[in-house]
Amino acid sequence: MIELHPTELFFPDPKHYHPLSGLVACGGDLSPARLSLSYDLGIFPWYNPGEEILWWCPDPRFVLFPERLKISKSMRKILKAETFSFTENQCFEGVMRNCMMIPRREQDGTWISEELIAGFLQLHREGKAKSIEVWQSGALVGGFYGVEVNKVFCGESMFSKVSNASKAGFIHFVEQYKNHFTLIDCQVYSEHLESLGAEMISKMDYLEVLSDK
């Protein structure tokens with residue numbers, strides 16, 4: 001594992017770096033410039049606030065090809081009934097803060113820190129990061145955010161305050177952008193996203209798609 005210097009904007013090339021764990025570097029900072037470079041290279045931060053920043057490029061990679069999206073009969077009914085409404089980039093910070101606060105099974109706390117929020121807010125202002133919001137009766141009940149790199153949307157985190165909110169938002173997003181994004185990066189395995197059609201591919205296959213402009 002390579003230790004990054006806070007003032008040097010650098011990452012090891014994940015194509016030529018093959019740690020079994022997927023951990024490629026530690027340290028550095030969460031500046032917008034470093035975050036942008038990391039996603040361009042297929043690397044993302046994931047660590048516990050207050051501890052050293054860790055940078056990952058796992059192999060295999062958990063992704064969704066938009067054309068392979070699975071929508072259950074029950075979700076089709078929910079979407080048809082217009083139980084939820086959806087917006088984009090209307091509440092980016094609110095989505096991040098909800099992702100930070102929402103309890104998660106088998107996970108203590110969150111990796112989302114104030115420093116990370118500040119970095120992503122700047123990427124959002126620069127048009128590189130976006131959020132999808134899910135609303136019900138005027139209340140924000142779900143959503144997710146991520147970074148756009150070429151034809152890939154790198155999903156970071158999602159939250160849901162009511163049943164099926166994040167699923168509905170994800171399905172809405174994939175269907176809306178199915179002709180724009182070649183791949184949705186889900187990073188690491190989750191049963192929730194597997195039920196929607198996400199699957200494992202090799203790191204090299206992922207990086208090849210990521211570099212395709």
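At 15% relative accessibility, Phe-65 counts as buried, because the cut-off for burial is under 20%. The structure is a predicted model. Phe-65 belongs to the loop that joins strand 5 (61-64) to helix 2 (73-80). The points below cover its surroundings, the sheet, the helices packed on that sheet, the aromatic contacts and some backbone features.

**Surroundings of Phe-65**

- Leaving aside residues up to four places away in sequence, Phe-65 is in contact with Thr-182, Leu-183, Glu-199 and Ile-201.
- The C-alpha atoms of Phe-65 and Gly-197 are 7.9 Å apart in space, although 132 residues separate the two in sequence.

- An open sheet is formed by 7 strands in the order 6-7-8-9-10-5-11, with mixed pairing.
- Strand 6 and strand 11 (199-201) are the edge strands, each pairing on one side only.
- On average, neighbouring strands of this sheet are turned by 35 degrees against each other, direction ignored.
- Strand 5 and strand 10 (residues 183-187) run antiparallel and are joined by 3 bridges.
- Within strand 10, Ile-184 is the residue that stands opposite Leu-64.

**Helices on the sheet**

- Helix 1 (residues 32-40) lies across strand 8 (139-149), strand 9 (152-160) and strand 10, and makes an angle of about 75 degrees with strand 8.
- Helix 4 (residues 114-125) also packs on the sheet, where it touches strand 7 (129-136), strand 8 and strand 9; its direction is at about 95 degrees to that of strand 7.
- The 12 residues of helix 4 span 17 Å from the first C-alpha to the last, close to the expected 16 Å.
- The buried residues in helix 4 are Leu-116, Ile-117, Gly-119, Phe-120, Leu-121 and Leu-123.
- Their cover includes helix 1, strand 3 (44-45), helix 3, strand 7, strand 8 and strand 9.

**Aromatic and charge-ring contacts**

- With ring centres within 6.5 Å as the criterion, the model has 14 aromatic pairs.
- Phe-62 and Tyr-189 form a tilted pair, 5.2 Å centre to centre with 55 degrees between the planes.
- Phe-62 is in strand 5 and Tyr-189 is in the loop between strand 10 and helix 6 (191-194), so this pair ties together parts 127 residues apart in sequence.
- Phe-62 is buried at 2% relative accessibility, whereas Tyr-189 is partly exposed at 44%.
- Phe-92 and Tyr-145 make an edge-to-face pair, with 5.9 Å between the centres and 70 degrees between the planes.
- This pair links helix 3, which holds Phe-92, to strand 8, which holds Tyr-145, across 53 residues.
- Both partners are buried, Phe-92 at 4% relative accessibility and Tyr-145 at 0%.
- One aromatic cluster consists of Phe-144, Phe-153, Phe-170, Phe-173, Tyr-177 and Phe-181.
- The charged end of Arg-61 sits over the ring of Tyr-206, 4.1 Å from its centre, and Arg-34 lies over the face of Phe-11 at 5.9 Å from the ring centre.

**Backbone features in loops**

- The peptide bond from Asp-59 to Pro-60 is cis, with omega near 5 degrees; Pro-60 lies in the loop between strand 4 (54-56) and strand 5.
- Glu-82, although not a glycine, has a positive phi of about 55 degrees; it lies in the loop between helix 2 and strand 6 (85-88) and is exposed at 66% relative accessibility.
- Asn-89, also not a glycine, has a positive phi of about 60 degrees; it is found in the loop between strand 6 and helix 3 (92-101) and is partly exposed at 29%.

Terms used. Residues are numbered from 1 along each chain as its sequence is written. This is a predicted model: local features need pLDDT of at least 70, side-chain atom pairs count only at pLDDT 80 or more; totals for chains, interfaces and linings use all residues. Side-chain values use heavy atoms; hydrogens and water are left out. Helices (H or I, at least four residues) and strands (E, at least two) are DSSP runs, numbered from the N terminus. Buried means under 20% relative accessible area, exposed over 50%, partly exposed in between (1.4 Å probe, protein chains only). Contact means heavy atoms within 4.5 Å. Two strands pair if DSSP finds at least two bridges between them. Axes are lines fitted to C-alpha atoms, for helices over the stretch in contact, and angles run from 0 to 180 degrees between N-to-C directions. The expected span of a helix is 1.5 Å times one less than its number of residues. Rings of Phe, Tyr and Trp (its six-membered ring) pair if their centres lie within 6.5 Å; planes under 30 degrees apart count as stacked, over 60 as edge-to-face and the rest as tilted. A charge sits over a ring if NZ of Lys or CZ of Arg is within 6 Å of the ring centre and within 35 degrees of the ring normal.
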